[in-house]
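Work through the exercises below with the model open. Try each task before reading its solution.

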Amino acid sequence: VPMVAPGNVQVHVLNSTLAKVHWDPVPLKSVRGHLQGYKVYYWKVQSLSRRSRRHVEKKILTFRGNKTFGMLPGLEPYSSYKLNVRVVNGKGEGPASPDKVFKTPEGVPSSPSFLKITNPTLDSLTLEWGSPTHPNGVLTSYILKFQPINNTHELGPLVEIRIPANESSLILKNLNYSTRYKFYLIAQTSVGSGSQITEEALTIMDE
């Protein structure tokens with residue numbers, strides 16, 4: 001098997017899900033056989049938005065021939081990763097380069113995990129929601145938009161409310177009685193808005 005690990009491993013993080021890794025080629029004598037390529041082992045150490053330690057799954061990408069760089073796609077935003085590089089010949093892999101740590105920046109969050117509407121009265125509704133399963137960063141706020149829907153399914157004027165990130169419920173007052181409303185809820189990080197979750201609900205009819 002090869003005797004030497006690739007040196008001068010460098011990582012350039014391009015965005016929240018993509019990084020580029022460079023390394024110096026090993027001396028051909030040290031390959032001790034036919035150079036087949038290089039393998040990059042990489043794994044997520046932790047998410048920076050939640051301190052959960054999970055089973056570490058190592059991923060491997062193989063770059064054929066004498067390439068000295070490669071792309072690592074599909075990374076998770078706002079996470080800490082480690083990687084190392086090994087040279088491969090027909091017999092197997094050489095030793096690993098020292099582990100290199102890199103971090104991905106924040107991304108936009110997934111949609112809130114749920115949105116439910118309870119306690120309908122004549123002119124109010126209570127909204128409750130769960131934080132995104134993948135915040136992909138530090139949540140800065142929620143954006144709630146809602147609008148009435150009339151009997152012919154036409155949408156009325158849209159109202160927008162910004163809600164602090166630490167809130168998980170809201171009582172909406174001064175609504176029209178016996179009216180169906182459509183709600184859209186979006187979580188935000190400093191990077192931008194995530195995908196929305198929608199729900200509809202009806203206020204109670206006037207007695």
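**Exercise 1.** Find the residues with the most contacts inside the largest nonpolar core.

Solution. The largest nonpolar core has 19 residues. Such a core is a set of buried Ala, Val, Leu, Ile, Met, Phe, Trp, Tyr and Cys residues joined through side-chain atoms within 4.5 Å. Buried means under 20% relative accessible area, with a 1.4 Å probe and protein chains only. The residues with the most contacts inside the core are Val21, Trp23, Val40, Leu72, Leu83, Val85 and Phe102. Next, look at the strands, which are DSSP runs of E with at least two residues, numbered from the N terminus. β1 (7-15), β2 (18-24), β3 (35-47) and β6 (79-89) each supply at least two core residues. A second, separate core has 18 residues, including Tyr142 and Leu185.

The model is predicted: local features need pLDDT of at least 70, side-chain atom pairs count only at pLDDT 80 or more, and totals for chains, interfaces and linings use all residues. Residues are numbered from 1 along each chain as its sequence is written, and side-chain values use heavy atoms, without hydrogens and water.

**Exercise 2.** Is lysine 44 buried or exposed?

Solution. Locate lysine 44 in strand β3. Its relative accessibility is 16%, so lysine 44 counts as buried. Now check its side chain: a polar contact of 2.5 Å joins it to the side chain of glutamate 76. A polar contact is a pair of N or O atoms within 3.5 Å; within protein, one must be able to donate a hydrogen and the other to accept it, and residues adjacent in sequence count only if both atoms are side-chain atoms.

Technical notes:
Buried means under 20% relative accessible area, exposed over 50%, partly exposed in between (1.4 Å probe, protein chains only). Helices (H or I, at least four residues) and strands (E, at least two) are DSSP runs, numbered from the N terminus.
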